[in-house]
Amino acid sequence: IRPLTQADEPVLWEMLYYAIYVPPGGEPPPRSILDVPEIARYVREWGRPDDAGLVAELIDSNQIIGAAWLRRLTAEAPGYGYIDDATPELSIAVAPPFRGQGIGARLLAGLLALAQMRYAAVSLSVSADNPALRLYRRLGFDVVRQTGGTLIMCKQFAPPVPSPTDPVSPTPTSATGG
């Protein structure tokens with residue numbers, strides 16, 4: 001697992017396609033779905049200052065087998081899991097042959113560790129019948145609203161707790177002595 005770079009944008013397009021939930025027995029959408037602006041905004045022009053993510057890559061072949069990434073979207077161009085302009089949306093995908101092996105859980109745990117240093121929360125959207133819902137709940141995501149069969153979930157991060165070695169700011173004293 002390594003950080004995503006700007007050079008990984010082509011790989012993210014593939015991962016974005018895999019991130020689209022297809023119920024068991026369902027037909028995957030055509031790849032042209034990636035051209036839909038509401039979907040393309042999760043990857044297009046990857047490498048903005050607030051973009052962050054991780055990829056799972058096979059060591060022997062350098063094949064990318066999964067990715068988890070964050071992107072802040074805006075009210076003018078929201079994503080499916082939009083909450084507000086300050087909360088980035090999370091996307092995650094694992095290539096089909098590698099699903100069910102814990103790769104998504106490792107990617108997500110690593111990305112959440114990075115996110116909590118930068119954000120108060122992260123959001124996502126997930127189909128109510130997607131098995132990944134169990135993972136999201138286990139990692140602390142809560143449902144904030146439901147639209148049809150889609151859940152918008154959010155994970156709030158606790159504010160950082162200062163360590164005992166952090167300098168403590170002096171207590172203000174009154175200039176009048178009282």
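Visitor: What makes strand 3 and strand 4 a pair?
Guide: Strand 3 and strand 4 run antiparallel and are joined by 6 bridges. Two strands pair if DSSP finds at least two bridges between them, so 6 bridges meet the criterion. Within this pairing, L70 stands opposite L90 in strand 4. Strands are DSSP runs of E of at least two residues, and helices are runs of H or I of at least four, both numbered from the N terminus.

Visitor: What kind of model is this, and how are its residues numbered?
Guide: It is a predicted model, in which local features need pLDDT of at least 70 and side-chain atom pairs count only at pLDDT 80 or more, whereas totals for chains, interfaces and linings use all residues. Residues are numbered from 1 along each chain as its sequence is written, and side-chain values use heavy atoms, with hydrogens and water left out.

Visitor: Which residues of helix 1 are buried, and what covers them?
Guide: L12, W13, M15, L16 and Y17 are the buried residues of helix 1. Their cover includes helix 2 (37-40), strand 3 (64-71) and strand 4, where contact means heavy atoms within 4.5 Å.

Visitor: Which residues lie nearest the centre of the largest pocket, and which element gives the largest share of its lining?
Guide: Y18, A19, Y21, I92 and N130 lie nearest its centre, among 40 lining residues. Strand 4 gives the largest share of the lining, 6 residues. The lining divides into 27 nonpolar, 9 polar and 4 charged residues. Nonpolar covers Ala, Val, Leu, Ile, Met, Phe, Trp, Tyr, Cys and Pro; charged covers Asp, Glu, Lys and Arg; the others, Gly among them, are polar.

Visitor: Why is the pair of Y136 and F141 called edge-to-face?
Guide: The structure holds 3 aromatic pairs. Rings of Phe, Tyr and Trp (its six-membered ring) pair if their centres lie within 6.5 Å; planes under 30 degrees apart count as stacked, over 60 as edge-to-face and the rest as tilted. The rings of Y136 and F141 have centres 5.9 Å apart and planes at 65°, so the pair is edge-to-face. Both Y136 and F141 are buried.

Notes
On a 1 Å grid over the protein atoms alone, a cavity is a set of points where a 1.4 Å probe fits but cannot get out, and a pocket is an open set with protein on both sides within 12 Å along at least five of seven lines; lining residues have an atom within 4 Å of a point. Buried means under 20% relative accessible area, exposed over 50%, partly exposed in between (1.4 Å probe, protein chains only).
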